[in-house]
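This report examines selected features of one protein model. Please consult the sequence and the structure shown below while reading.

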Amino acid sequence: MFNLKSMTAAAAIAATASVAYADNPMVGGAAMYADKNIVENAVNSADHTTLVTAVKAAGLVDTLSGDGPFTVFAPTNAAFGELREGAVEALLQPAAKKQLTEILTCHVVSADAMSTAIKGMVDDDGGAHMVPTVGGCMLKATYQGNKIMLEDERGRVANVTIADVEQSNGVIHVIDTVMLPAKQ
């Protein structure tokens with residue numbers, strides 16, 4: 001037998017949940033859920049298949065599924081495609097795991113930094129804020145209007161194309177360039 005009161009309560013909970021998810025932007029044609037972790041959401045993005053493959057090859061799935069908080073600057077497949085020819089394939093080889101890990105961890109910060117916080121840090125530092133990554137890279141954050149830019153140690157500039165994708169263990173900002181560590 002149906003209980004109208006229970007059905008009404010369930011409908012209200014479902015409506016509230018869908019409103020909460022509606023605030024998160026879609027990424028790569030997929031809904032991003034604030035109650036899922038970085039890896040759980042990234043695997044659903046058609047624009048991040050290369051990143052997901054690289055995270056798996058580097059053995060970082062458990063780390064990025066952990067408690068965090070993390071801010072991940074997530075390069076798209078197109079961003080990886082801008083690397084020199086054959087670079088991605090070479091990085092995915094077991095022998096290149098250390099180098100791949102160094103590159104990937106240059107995209108991760110041990111904090112939950114939404115775009116408003118990044119802009120605030122840039123303002124506090126007079127127009128540019130140095131961002132230390134878990135991989136030891138230093139990224140220079142700047143912004144112009146609503147557009148946040150990151151510059152790596154080689155002078156490569158990435159634009160944040162989708163900001164503030166909330167995760168259960170942090171936030172993702174989609175970027176259009178792969179950040180690289182300083183040349184050795």
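## The largest pocket

In this predicted model, the lining of the largest pocket comprises nine nonpolar, two polar and five charged residues. The volume of this pocket is about 310 Å³.

Helices α6 (87–91) and α7 each contribute at least two residues to the lining.

## The contact between α3 and α7

Helix α7 (residues 97–105) also takes part in a crossing with helix α3 (residues 49–58): their axes come within 9 Å and cross at roughly 125°. The pair is therefore described as oblique. The crossing of α3 and α7 is left-handed.

Which residues of α3 meet α7? They are Leu-51, Ala-54, Val-55, Ala-57 and Ala-58, and their partners in α7 are Lys-97, Leu-100, Thr-101 and Leu-104.

## Backbone features

Most peptide bonds are trans, and most residues other than glycine have a negative phi.

The peptide bond joining Gly-68 and Pro-69 is cis, with an omega of about 10°. Pro-69 belongs to the loop between α4 (61–65) and β1 (70–75). Asp-164, although not a glycine, has a positive phi of about 60°. Asp-164 is located in strand β6 (residues 157–167).

How values were computed
Residues are numbered from 1 along each chain as its sequence is written. This is a predicted model: local features need pLDDT of at least 70, side-chain atom pairs count only at pLDDT 80 or more; totals for chains, interfaces and linings use all residues. Side-chain values use heavy atoms; hydrogens and water are left out. Axes are lines fitted to C-alpha atoms, for helices over the stretch in contact, and angles run from 0 to 180 degrees between N-to-C directions. Helices (H or I, at least four residues) and strands (E, at least two) are DSSP runs, numbered from the N terminus. Angles under 35 degrees count as roughly parallel, over 145 as roughly antiparallel, 65 to 115 as roughly perpendicular and the rest as oblique. A crossing is left-handed if the near helix is turned anticlockwise from the far one by less than a right angle, and right-handed if clockwise. Contact means heavy atoms within 4.5 Å. On a 1 Å grid over the protein atoms alone, a cavity is a set of points where a 1.4 Å probe fits but cannot get out, and a pocket is an open set with protein on both sides within 12 Å along at least five of seven lines; lining residues have an atom within 4 Å of a point. Grid points are joined across faces, edges and corners, and a volume is the space filled by probe spheres set on the points. Ala, Val, Leu, Ile, Met, Phe, Trp, Tyr, Cys and Pro count as nonpolar, Asp, Glu, Lys and Arg as charged, and the others, Gly among them, as polar.
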